[in-house]
Amino acid sequence: MTHTHVAGSIHADSSARAPSWLSRPSDVNTLLGSLWSSGVAKDENGVLTVAGLSVTEIANQVGTPVYVVDEADLRTRARAFAEAFAGWDVYYAAKSFLCTTVARWVTEEGLGIDVCTGGELAVVQRAGVDLRRVGLHGNNKSVEELTYALTAGVGRIILDSFDEIDRLSALAERLQIRPRVMIRATTGVEAHTHEYIATAHEDQKFGFSIAGGSAAAALLTCHENAWLDLIGIHSHIGSQIFDAEGFEVAARRTLRLHADFAAETGVELGEMDLGGGFGIAYTSADSPSTPNALSEDLRAIIDQECSALGIAVPHLSIEPGRAISGPSTFALYRVGTVKPVALDGGASRLYVAVDGGMSDNIRTALYAAEYSATVASRLSTAPPVLARVVGKHCEGGDILVRDEFLPADIAADDLLAVPASGAYSRSMASNYNHVPRPPVIAVRDGQISTLIRRETIEDLLALDAG
């Protein structure tokens, strides 16, 4: 019998071997460009810089840990999707990272915004975004959230259950507002990703099943409801996807649903959303596609499938989030302790503890996600050693970077930067062990602006009613 460690397999690992994808670097000071924003480099002293500002200056001004956004890079990534998918609607998936400033940035670059809670909608509204360019997702939207969306004038609501159809219909009639709605269809395509972020196979909480017939029934129910303006079908197959193969199968099944609905009702729905989930590079093993390549592939898939079905190409939309926010940001930490730990068989591993942890990036513990890291405050001539970057929390699974080659002379007070930290790190952050969440700053032309301020102990105590 095999027993799994209660804290997860990542904590049970006792080998000190590097994973097959991780190569020993010839120079530990070198950056792998694909992991970092376009404005990041190292100067002649080995100090990491972003948009002309050094991380030592950032640490001096705002402290650590801190999420550092390269504003120009994020804007460029948003604009690249808008340009590559010209003629489509591109919605920024706010769940990856959202604040009022970023909401303004992405809409200024031509994107709409996809939200999935009333809280996200409130941030977008506060940012002054035209809510007709906003879509509301979610598998369990409350009466309050749906009322908010209706009265605020959200451009579309993606429906996820028959309970929700009934709930929205009753509210729409009471408020005398007829919302534009889409049905989220579950295609049965399982993306090549972690189980918890593969969202189109049948055994999960999202959407109406195409294979089981509930998607067709949901479409018909909305079509026959006088208070719901059915505009199309939504599909999302998962996250961190690197090729179009899964989209091809999903599009074929979704378009077949579209065609069957037209045959039954005589109405061809006007819109279809293919979702998001486009992957980024977290390590040297990752090779994401570009917006232009994705556009070319997806357009070809849709054209081919529509031609085969004899239907017109609907108005299309996508929802990139991580592909915009993720690579534009790195997390900056200060090393607190360095500890070589002896393992079975005479091996050892270098544990590098920093002043953050699973409260500011839960993905390694939750998904076994892989990250990279670099010493950011100096050059090193020491040889590379296999290290594990861990946090300060009272939890054995508090791991930020499971495997990385770092210089053997890494020491307390060094600055350590983790690339590709813009998506889901701050969004999923917590106050575990009553640790305040880090700030989010942006850098442009050597200047810092604060997007989200650092939480304080006073902030935490203010919520404690005792």
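These questions and answers walk through a predicted model of one protein chain.

Reader: How many helices and strands does the chain have?
Author: Start with the whole chain. It has 466 residues, and 54% of them count as buried. As for its elements, the chain has 13 helices and 21 strands.

Reader: What radius of gyration does the chain have, and what would a compact globule have?
Author: The C-alpha trace spans about 70 × 50 × 45 Å along its principal axes. For 466 residues, a compact globule would have a radius of gyration near 23 Å. The value for the chain agrees with that: 23 Å.

Reader: Among contacts between residues at least 6 apart in sequence, what share join residues at least 24 apart?
Author: A contact needs heavy atoms within 4.5 Å. Take those in the chain between residues at least 6 apart in sequence. The share that joins residues at least 24 apart is 71%.

Reader: Is strand β11 mostly covered or mostly uncovered?
Author: Buried means under 20% relative accessible area. Strand β11 covers residues 229-235, and six of its seven residues are buried. So by that cut-off β11 is mostly covered.

Reader: Which residues stand opposite G232 of β11?
Author: Strand β11 has partners to look at. Strand β9 (residues 180-186) pairs with β11 in the parallel sense over six bridges. Strand β12 (residues 271-273) also runs parallel to β11, joined by three bridges. Opposite G232 stand M182 and, in β12, E271.

Reader: Why do the buried residues of helix α5 lie on the same side?
Author: Helix α5 spans residues 118-126, and its buried residues are G118, E120, L121 and V124. They lie on the same side of α5 because they cover an arc around the axis of only 155°.

Reader: Which residues does N45 contact, leaving aside its neighbours within four places in sequence?
Author: N45 is in the loop between β1 (40-42) and β2 (48-50). With a relative accessible area of 47%, N45 is partly exposed. Beyond those neighbours, N45 is in contact with R378 and L379.

Note on methods: Residues numbered from 1 in each chain as written. Predicted model: local features only at pLDDT ≥ 70, side-chain atom pairs only at ≥ 80, totals over all residues. Heavy atoms only, no water. Buried < 20%, exposed > 50% of the residue type's maximum accessible area, 1.4 Å probe, protein only. Helix = DSSP H or I, 4+ residues; strand = E, 2+ residues; numbered from the N terminus. Pairing = 2+ DSSP bridges. Arc of directions from axis to C-beta. Rg over C-alpha atoms; globule rule 2.2 N^0.38 Å.
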